[in-house]
Amino acid sequence: MADQLGAKVAGFTVLGLVLAGGVAWGGICLHTGDKAPRNAAVEGVGIGGLTPAAAERKLRAELETRTSRPISVSYGDGRTVDVDPTKAGLSIDTRPRSGRPAVGRGSVRRGCGTW
């Protein structure tokens, strides 16, 4: 009888811990799931704590000015040449892909959502 009681107590303890962990995870998701991590940055532009839409606006405003500056390209033999981004057809693309802003090369994992 004591073994059965001990098994039930252990089972309920594990179940309680799993439920508490689930509730904690849900709270984290609700609190931080729609924001970038605190120290996140793209090309030196800080987007930490911003929502995807706010991060996209900030990146567009701060990175588009870079498209008018020449880009220095170097060859393996030591030669360098300056390329005009406008003439080369380069621009900043911040259009959303699959409902997410293009704010980096990969996605940023935060809470229960993915940027």
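A residue is called buried under 20% relative accessible area, exposed over 50%, and partly exposed in between, with a 1.4 Å probe and protein chains only. Glu-64, at 37% relative accessibility, therefore counts as partly exposed. The model is a predicted one, in which local features need pLDDT of at least 70 and side-chain atom pairs count only at pLDDT 80 or more, while totals for chains, interfaces and linings use all residues. Residues are numbered from 1 along each chain as its sequence is written, and side-chain values use heavy atoms, with hydrogens and water left out.

**Overall architecture**

- Three helices and six strands make up the secondary structure of the chain; these elements are DSSP runs, numbered from the N terminus, with helices (H or I) of at least four residues and strands (E) of at least two.
- Read from the N terminus, the order of the elements is α-β-β-α-β-β-α-β-β.
- The chain has 115 residues, of which 17% are buried.
- Among contacts in the chain with a separation of 6 or more, 36% join residues 24 or more positions apart; a contact means heavy atoms within 4.5 Å.
- The chain has an accessible surface of about 8,500 Å², and carbon and sulfur atoms account for 59% of that surface. Accessible areas come from the Shrake-Rupley method with a 1.4 Å probe, and for residues only the protein chains shown count as cover.

**Salt bridges**

- The structure has three salt bridges, each defined by a side-chain nitrogen of Lys or Arg within 4 Å of a carboxyl oxygen of Asp or Glu.
- Side chains of opposite charge can pair when their charged atoms come close.
- Glu-56 and Arg-60 form one of these salt bridges, at 3.3 Å from N to O. The two residues are four apart in helix H2 (residues 52–63), so about one helical turn separates them.
- Glu-56 is buried, because its relative accessible area is 15%, whereas Arg-60 has a relative accessible area of 34% and is therefore partly exposed.
- Arg-60 also forms a salt bridge with Glu-64, at 3.7 Å from N to O.
- Arg-79 and Asp-77 are joined by a salt bridge at 2.9 Å, N to O. Arg-79 is partly exposed at 48% relative accessible area, and Asp-77 is exposed at 55%.

- The number of aromatic pairs in the structure is zero; a pair requires rings of Phe, Tyr or Trp (its six-membered ring) with centres within 6.5 Å, and planes under 30 degrees apart count as stacked, over 60 as edge-to-face and the rest as tilted.

**Nonpolar surface patch around Val-81**

- A nonpolar patch on the surface consists of Ile-71, Val-73, Tyr-75, Val-81 and Leu-90, which together have about 400 Å² of accessible area. Patches are made of residues with over 30% relative accessible area and no salt bridge; nonpolar side chains (Val, Leu, Ile, Met, Phe, Trp, Tyr) are joined within 5 Å, and like charges within 9 Å.
- Val-81 is located in strand S4 (residues 80–83) and is partly exposed, because its relative accessibility is 36%.
- When its neighbours within four places in sequence are left aside, Val-81 contacts Ile-71, Ser-72, Val-73 and Tyr-75.
- Val-81 and Ile-71 are 10 residues apart in sequence, and the C-alpha to C-alpha distance of the pair is 8.3 Å.

**Loop residues**

- Glu-43 is not a glycine, yet has a positive phi of about 50°. The residue is situated in the loop between strand S1 (41–42) and strand S2 (45–46).
- With a relative accessible area of 57%, Glu-43 is exposed.
- Thr-65 belongs to the loop between H2 and strand S3 (71–74), and its relative accessibility of 48% makes Thr-65 partly exposed.
- Thr-65 and Ile-92 are 27 residues apart along the chain, with 9.5 Å between their C-alpha atoms.
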